[in-house]
Amino acid sequence: MVRRPVAWVVALVLFVEAFGVAGFNWFLGHVVDRQHMSLAGLDPDVMATSSKIGGVVFGLYFLLCGVVALLVAVRNRAPAGFGRIVLVSSAVVHGLLGAFVWGLVGFGAFAFMMVMLGLIVLLLVTYDAEPAPAEGVGDDAGDGSPVSPSTAPTTP
């Protein structure tokens, strides 16, 4: 099946993305701090600190998403509850980031975000509900022999 490899790939890429986003925002914070840049009169120290904090927060968020995908890959079960919410929110974030990076960065970053969006959605939809057992499957007398309707015990 394709479910487990997709979950492993999503987990790996989300871990790389977590460290990449955190490192990039940390770098931008240093650049703003050293250049004493200001945007619309904002304090450069506040901008540098908020860039670093934002990088750490988004890095931890993508790390959490990666852990959820890793648990899906290891357990080979669908994410449920909080894990499903985290993966759905990650898909939404990748869709929004893809829309933003098209104009700011270019087509390559947009394509990466859309591939990640597709992989996360594929991870979410391939783990559907378990199929119900077919009629008559599993009906046995306990000793491995099938139970016929005439010999089946009845309850009053």
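Visitor: What share of the 156 residues in the protein is buried?
Guide: Buried residues make up 28% of them. Keep in mind that this is a predicted model.

Visitor: How many helices and strands are there?
Guide: The protein has four helices and zero strands. Along the sequence the pattern reads α-α-α-α.

Visitor: What about contacts across the sequence?
Guide: Take the contacts with a separation of 6 or more. Residues 24 or more positions apart account for 65% of these.

Visitor: Which residues touch the most other members of the largest nonpolar core?
Guide: Val-10, Leu-14, Ile-120 and Leu-123 do, in a core of 22 residues. Helix 1 (3-35), helix 2, helix 3 and helix 4 (107-126) each supply at least two residues.

Visitor: Which helix gives the most to this core?
Guide: Helix 2, with seven residues.

Visitor: Back to Val-10. What does Val-10 touch?
Guide: Leaving out residues up to four places away in sequence, Val-10 touches Ala-69, Met-116, Leu-119, Ile-120 and Leu-123.

Visitor: Which residues make the nonpolar surface patch?
Guide: Val-88, Val-92, Leu-96, Leu-97, Phe-100, Leu-104 and Val-105 make a patch of about 690 Å².

Visitor: Where is Phe-100, then?
Guide: Phe-100 lies in helix 3.

Visitor: Is Phe-100 buried or exposed, and why?
Guide: Exposed, because its relative accessible area is 54% and the cut-off for exposed is over 50%.

Visitor: Switching to rings. How many aromatic pairs does the structure hold?
Guide: Four. One of them joins Tyr-61 and Phe-62, with ring centres 5.4 Å apart and planes at 50°.

Visitor: Why is that pair called tilted?
Guide: Its planes sit at 50°, so the pair falls between stacked, under 30 degrees, and edge-to-face, over 60. Tyr-61 and Phe-62 are both buried.

Visitor: And what kind of pair do Trp-102 and Phe-107 form?
Guide: An edge-to-face one: 5.6 Å centre to centre, with 85° between the planes. Trp-102 is partly exposed at 48% relative accessibility. Phe-107 is exposed at 56%.

Visitor: Last one. What is the phi of Asn-76?
Guide: Near 55°, which is a positive value in a residue other than glycine. Asn-76 lies in the loop between helix 2 (44-75) and helix 3 (82-104). Asn-76 is partly exposed, with a relative accessible area of 30%.

Technical notes. Residues are numbered from 1 along each chain as its sequence is written. This is a predicted model: local features need pLDDT of at least 70, side-chain atom pairs count only at pLDDT 80 or more; totals for chains, interfaces and linings use all residues. Side-chain values use heavy atoms; hydrogens and water are left out. Buried means under 20% relative accessible area, exposed over 50%, partly exposed in between (1.4 Å probe, protein chains only). Contact means heavy atoms within 4.5 Å. A nonpolar core is a set of buried Ala, Val, Leu, Ile, Met, Phe, Trp, Tyr and Cys residues joined through side-chain atoms within 4.5 Å. Patches are made of residues with over 30% relative accessible area and no salt bridge: like charges are joined within 9 Å, nonpolar side chains (Val, Leu, Ile, Met, Phe, Trp, Tyr) within 5 Å. Accessible areas come from the Shrake-Rupley method with a 1.4 Å probe; for residues, only the protein chains shown count as cover. A salt bridge is a side-chain nitrogen of Lys or Arg within 4 Å of a carboxyl oxygen of Asp or Glu. Rings of Phe, Tyr and Trp (its six-membered ring) pair if their centres lie within 6.5 Å; planes under 30 degrees apart count as stacked, over 60 as edge-to-face and the rest as tilted.
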